[in-house]
Amino acid sequence: MGSWKGERVSKAYLGVDVGSISTKAVALDSGGEVLARSYLWTEGNPVRAVKNVLAEVEEQVDGTGAEIVAVGTTGSARQLTGAILGAQVVKNEITSHAVGTLSRHSDVQTIFEIGGQDSKIIIVRDGVPVDYAMNTLCAAGTGSFLSSQARRIGVPVEEFGEYALRSKRATKIAGRCTVFAESDLVHKAQIGHAVEDIIAGLCNAIVGNYLNNVGKGKEILAPIVFQGGVSKNVGVVHAFEQATGHEVMVDEDGHLMGSLGVALVARDSGGEAPFSFAVRDVAFETVGEECGGCPNECEVVLVLREGEVLDGWGNRCPRGMERVAERLGVSKVTVTSAG
Ligand code: SF4
């Protein structure tokens, strides 16, 4: 996007959150207002997903007179994405989600998050994240649990919320493990439990699992904000409210909170550099190799931009990137943007 003479150009900040299931991006103006939003599936290809969200963001930003001057990245592929976009800041999910949520709910004390394949809890006191826990191993406390049970019942997961709220008596489902839950669910359906009661039971199971797993030992105080893809499910929101005895708020941008937070961090970092959406046309490649320079056996990952090393990580000392680049016959590292 360019600007023409006489056009008033305002600054904008891009935040990109690349997870294993979904890739999210927002562009904010300097006041933190959202100019553009994008949410797409990662589909195992983070580079392509980043290019696709950039296309959607560019379309929405175009014509607003705003130009991206700083970029922040977060999520499991934050370093790769940071290297590709020349990001000013690369932040972990906890910081990004906390900053994003606090910008909308300044008094929040507990942040619940349930995504497709992971879940986390962030404890905030006086506007500062003080504790957190993550679950990346157990599917029973994540969105994939609901999706797999939805397939079994034959009700689309998007309709789970409405069904759950119609239930008068939620079925008790053994939800500690997806395998047990599945056989319990089949059994309960066979003995005549209504589908809305089973779905309400599944919502209770995911909440029970979450609170006994990531929420274990945490002091859960209101105000509570619930985010991540599963927060769009009113049945799970209701189950959280019943389990905690508190109102549970869901922000309309809750599924974008990581990208929103890291865009704010990029804005506040003060670092600025011209950003071009033309990065979408560049060919990127990642290669991984063991360094082999010492018994540490670091697994070094390099990001190549048109055959040149753009950045890398996994090396515990500077020799790692040099060694792997040399072995692969690519030119030495020229840029290191991702921390
Ligand atoms: S990167 Fe450094 S610490 Fe790691 S294996 Fe290579 S030489 Fe050893």
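How do the residues of the shell around the ligand divide into nonpolar, polar and charged?

**View 1. The shell around the ligand in the predicted model.** The ligand is surrounded by Cys291, Gly293, Cys294, Asn296, Glu297, Cys298, Asn315, Arg316, Cys317, Arg319 and Gly320, a residue being near a molecule if one of its heavy atoms lies within 4 Å of it. These shell residues divide into four nonpolar, four polar and three charged, where Ala, Val, Leu, Ile, Met, Phe, Trp, Tyr, Cys and Pro count as nonpolar, Asp, Glu, Lys and Arg as charged, and the others, Gly among them, as polar.

**View 2. The domains of the chain.** An automatic or database domain assignment divides the chain into domain 1 (10–99 + 258–281), domain 2 (106–250) and domain 3 (284–328). The centres of domain 1 and domain 2, taken over C-alpha atoms, are separated by 28 Å.

**View 3. The interface of domain 1 and domain 2.** Six residues of domain 1 are in contact (heavy atoms within 4.5 Å) with 10 residues of domain 2. By class, the domain 1 side that touches domain 2 has three nonpolar, two polar and one charged residues. No salt bridges are counted between domain 1 and domain 2, a salt bridge being a side-chain nitrogen of Lys or Arg within 4 Å of a carboxyl oxygen of Asp or Glu.

**Notes.** The model is predicted, with local features requiring pLDDT of at least 70 and side-chain atom pairs counting only at pLDDT 80 or more, whereas totals for chains, interfaces and linings use all residues. Residues are numbered from 1 along each chain as its sequence is written, and side-chain values use heavy atoms, leaving out hydrogens and water.
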